[in-house]
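Work through the exercises below with the sequence and the structure in view. Each task is followed by a solution in steps.

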Amino acid sequence: EVHCVSEWGHDFRTSYLLLFNFLRHSGLTQNIYLMGTTATASLQVINDIAVEFAKLDKNVITEQSDMMTRPELRFGIISVKSPTDRYKAIASRVRSHLSAKEQTVVFAPYKKMLDEIKNEIPLADDELDDVATFSGETQNQSEIIAKLQKGDIKAIVATTAFGMGLD
């Protein structure tokens, strides 16, 4: 999960930010090879990782595979004028998926955004329980997935921690 060096260190896994600095100053890397693997790195994240490995005076090799494509996922970009419009636009898109009886997972980059997005989604107060949030801290990922599969919840608003370990 080497992508944590770039994506999550700022939010809830701060020890990842210290990893390469520790290795650089410890001398532990002189006679060993290091390998970092991930299945979820964007090009920016790959570049961040390469920079950190390069600081260790190590050769950096990256390999990407078409085997990691996910045809069942759809990605989209929504242009908005302000941060508050962002949540409304996301919520509108989620509501349209829910109206079409499509289950939806929204990935947010920061924990603090989860409730803000969730609170914009319901069409009525009684629909608030149809949307779950997941930040990777105390919630049980498998329980949330089971509820989604049974139809007990219709949407999940989560940090990227939710994607870890999903098949």
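**Exercise 1. The chain as a whole**

Solution. The model is predicted, so local features need pLDDT of at least 70 and side-chain atom pairs count only at pLDDT 80 or more, while totals for chains, interfaces and linings use all residues. Residues are numbered from 1 along each chain as its sequence is written, and side-chain values use heavy atoms, with hydrogens and water left out.

Step 1. The protein chain exposes about 11,700 Å², and 51% of this comes from carbon and sulfur atoms. Accessible areas come from the Shrake-Rupley method with a 1.4 Å probe; for residues, only the protein chains shown count as cover.

Step 2. Of the 167 residues in the protein chain, 28% are buried. Buried means under 20% relative accessible area, exposed means over 50%, and partly exposed lies in between (1.4 Å probe, protein chains only).

Step 3. Take the contacts between residues at least 6 apart in sequence: 60% of them join residues at least 24 apart. A contact means heavy atoms within 4.5 Å.

**Exercise 2. Elements and sheet**

List the elements from the N terminus on, then state the strand order in the sheet.

Solution. Step 1. The protein chain has six helices and three strands. Helices (H or I, at least four residues) and strands (E, at least two) are DSSP runs, numbered from the N terminus.

Step 1. The elements run α-α-α-α-β-α-β-α-β.

Step 2. The three strands form an open sheet in the order β1-β3-β2, with parallel pairing. At the edges are β1 (104–107) and β2, each of which pairs on one side only. From one strand to the next the twist averages 20 degrees. Two strands pair if DSSP finds at least two bridges between them.

Step 3. β1 and β3 run parallel and are joined by four bridges; V105 stands opposite I156 in β3. β2 and β3 (residues 155–158) also pair in the parallel sense, over four bridges, and here T133 is opposite V157 in β3.

**Exercise 3. Side chains and helices around the strands**

Which way do the residues of β2 point, and are they buried or exposed?

Solution. Step 1. In β2 (residues 131–134), V131 and T133 point one way, A132 and F134 point the other way, and all are buried.

Step 1. Now take T104, which lies in strand β1. T104 is buried, at a relative accessible area of 9%. Apart from neighbours within four places in sequence, T104 is in contact with V94, H97, K154, A155 and I156.

Step 2. Helix α4 (residues 83–99) lies across β1 and β3 and runs at about 165 degrees to β1. Helix α6 packs on the sheet, touching β2 and β3, and its direction makes about 160 degrees with that of β2. Axes are lines fitted to C-alpha atoms, for helices over the stretch in contact, and angles run from 0 to 180 degrees between N-to-C directions.

**Exercise 4. Salt bridges**

How many salt bridges does a search of the whole structure find?

Solution. Step 1. The search finds three. A salt bridge is a side-chain nitrogen of Lys or Arg within 4 Å of a carboxyl oxygen of Asp or Glu.

Step 1. D130 and K154 form one of them, at 3.8 Å from N to O. D130 lies in the loop between α5 (114–120) and β2, and K154 in the loop between α6 (141–150) and β3, so the pair ties together parts that are 24 residues apart in sequence. D130 is buried, with a relative accessible area of 17%, whereas K154 is partly exposed at 35%.

Step 2. E143 and K147 form a salt bridge in which the closest N and O atoms are 3.7 Å apart. Because E143 and K147 are four residues apart in helix α6, about one helical turn separates them. E143 is partly exposed at 43%, and K147 is partly exposed at 34%.

Step 3. D152 and K150 meet in a salt bridge, at 3.8 Å from N to O. D152 is partly exposed at 44% relative accessibility, while K150, at 64%, is exposed.
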